[in-house]
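Here is a short tour of one protein model. Keep the sequence and the structure in view as you read.

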Amino acid sequence: MVRVAGNNSTRRFQHGLYIFLLSIVLISSPVRAGQSEAWWVFLDRRDTSEEAYRQARTSLDENAVERRLRIRGEVIIEADLPFHPDDLKSLQELGCAIRTQSRFLGAVSVETTRAGGVEAIRALPHVKHVRPVATYHSVAATSAVEALDAGAPADAGIAPGKRTNRYTATDTASYGHAWNQINLIGAHLAHEDGYDGEGVRVGFLDSGFLNIDSHQAFDSLNIVGRFNALDSSEVIDTHGHGTSVVSVAAGYDPYNLIGVAPRMEVLLVRTEDASDEYPEEEDFWVAGLEWAEAHGADFISTSLGYSDWYGPADYDGNTAVTTIAADLAAARGLLVVTSAGNRGLTNLGAPADGDSVLTVGGTDYHGEWVQFASTGPTADG
C-alpha cells in the first residue's frame, strides 16, 4: 500500500480511497407507461441577479465550498444559478408540472398531460431542446447476494490469524461476516494504518435506508444529512437496500460486521420508490446527486442503474442524463462510484459509462468475477 504525505484536504481523499468497492447493484427492467408524459426541458438562460448569486452561495455546505475552491478555484459559476423565473412561468402556463430542476444539466423535468404539449414546449423561447425522461424499476438484489453466499467458504466471517487494529483488540474474527470482503481488498491493512474514513463525507443514493436508526450496526454512524428526492422531505426509511449498502461501507458491530470506513460522514439520499416496483424516473437521481454535492459530499455511492431505456450505442458517456450529471459532478470535485450492473456479459447501466465515473463490478469471495456482474463494453468498445 502506498501512503502519500499531504495536507488535511489531501488526507481526506486518501482516506476516501478505501470506500470504493461497496456497490450492491439493482436489476433494471421496463415498466408500463403512465397517463402523463415526462420530459427534460433544456434551457439556455439563468437568473444572473445578485440575489441569485447570493442564494446559490448560501445553499452550499462549507465542505462543498472548500472542495469547489480546491478543484476549480471558484465557488459559484453561472451553471450553478437558478433558471430565469420567466422561463419556468412559461412552462407552467402550458400546463406543465415542474418536478425537478437540474442546475448541473441546465434542464428542468416536467410532466404534461396535454396532447401536443411537447411541441408547444419546444416552441418556447430559451428552450434549447427536449428529451423524454428515462424510466426503470428495481428488483431487490437478493439474487446477487445469494450468488455470493453460494460461493462463500465454510468459515466465511471467521478467519485465522491475529492482527492489531484500532477497532477491536487482536483478531480478524472481529470483522465477523465482513471479513472475507475486507480481506479481499486489504481494508484491514488500511485500518491498521489509521485509515477509517474519518473526515470523508459520502452520499449514498439508493431506494431507502430502513432500520438505519435502530440497528446496532449503525449506533455510531455519523449521519450528517437526509434527503428524499421524490418529495424533498427527510423520509428515507422506506426500503432496505440502501441499508445493506451502507453496512458494507460504514457498519460497525464488532464480531458481527465492520465496514470498510466506519468513521465516514454519511449523507442518505432516497432516489427511488421501490415499494411496488413501479416506474421511477432518473430525474430524482439527478436531484439527489445535486443535493449531495451541495451538502459537501466527497464521493457518491450509487447502487442503481439505467439500462432498459438505453441501447448499446447510448453508452457513449454523453447520452444518459445520469451519466452527464455524474461527469458534471466530477468537474465540481465530486467522484461518483457506481455499480456496473447485474446483466453479466451484456450492457452496462448508466451512469457506469461516464468517463469521469468509477464503475465497480462484482466478484465472489475468491476474487473471481461473478456471472451476474456486468462487464460492458461501452459504446466505443
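S232 is exposed, because its relative accessible area is 57%. S232 lies in the loop between β8 and α9 (241–250). Helices (H or I, at least four residues) and strands (E, at least two) are DSSP runs, numbered from the N terminus. S232 is not a glycine, yet has a positive phi of about 60 degrees.

N211 also has a positive phi, near 70 degrees, and is a residue other than glycine. N211 sits in the loop between β7 (201–206) and β8. With 46% relative accessibility, N211 counts as partly exposed. Why note such values? Most residues other than glycine have a negative phi, and most peptide bonds are trans. The bond from A350 to P351 is cis, with omega near 15 degrees. P351 is in the loop between β14 (335–339) and β15 (358–360). The bond from G376 to P377 is cis too, with omega near 10 degrees. P377 falls in the segment after β15.

## The model as a whole

This is a predicted model: local features need pLDDT of at least 70, side-chain atom pairs count only at pLDDT 80 or more, and totals for chains, interfaces and linings use all residues. Residues are numbered from 1 along each chain as its sequence is written, and side-chain values use heavy atoms, with hydrogens and water left out.

The protein has 11 helices and 15 strands. Of its 381 residues, 53% are buried. Now take contacts (heavy atoms within 4.5 Å). Among those between residues at least 6 apart in sequence, 78% join residues at least 24 apart.

In soluble globular proteins, nonpolar side chains tend to be buried together. A nonpolar core is a set of buried Ala, Val, Leu, Ile, Met, Phe, Trp, Tyr and Cys residues joined through side-chain atoms within 4.5 Å. Which residues touch the most other members of the largest core? They are W40, L105, W285, L289 and I300, out of 35 residues in that core. The elements giving two or more residues are β2 (37–43), β11 (265–270), α10 and α11 (321–330). α10 gives the most, with seven residues.

Look at L289. Leaving aside neighbours within four places in sequence, L289 contacts F104, L205, I300, A325, A326, A329, L334 and V336. A second, separate core has 17 residues, including F218, A249, M264 and F299.

## Two helices side by side

Two packed helices are described by the angle between their axes and the distance between the axes. α10 and α11 pack at about 10 degrees, with axes 9 Å apart. Axes are lines fitted to C-alpha atoms, for helices over the stretch in contact, and angles run from 0 to 180 degrees between N-to-C directions. α10 and α11 are therefore roughly parallel. The cut-offs are under 35 degrees for roughly parallel, over 145 for roughly antiparallel, 65 to 115 for roughly perpendicular, and oblique for the rest. On the α10 side, the contact uses E282, W285, V286 and L289; on the α11 side, V321, T322, A325, A326 and A329.

## Rings in pairs

The whole structure holds two aromatic pairs. In the pair of Y175 and W179, the ring centres are 5.6 Å apart and the planes are at 45 degrees, so the pair is tilted. F227 and W291 form a stacked pair, at 5.1 Å centre to centre and 10 degrees between the planes. Rings of Phe, Tyr and Trp (its six-membered ring) pair if their centres lie within 6.5 Å; planes under 30 degrees apart are stacked, over 60 edge-to-face, and the rest tilted.

F227 lies in strand β8 (residues 222–228) and W291 in helix α10 (residues 282–294), so their pair ties together parts 64 residues apart in sequence. F227 counts as buried at 13% relative accessibility, and W291 counts as buried at 15%. Y175 and W179 are buried as well.

Notes
Buried < 20%, exposed > 50% of the residue type's maximum accessible area, 1.4 Å probe, protein only.
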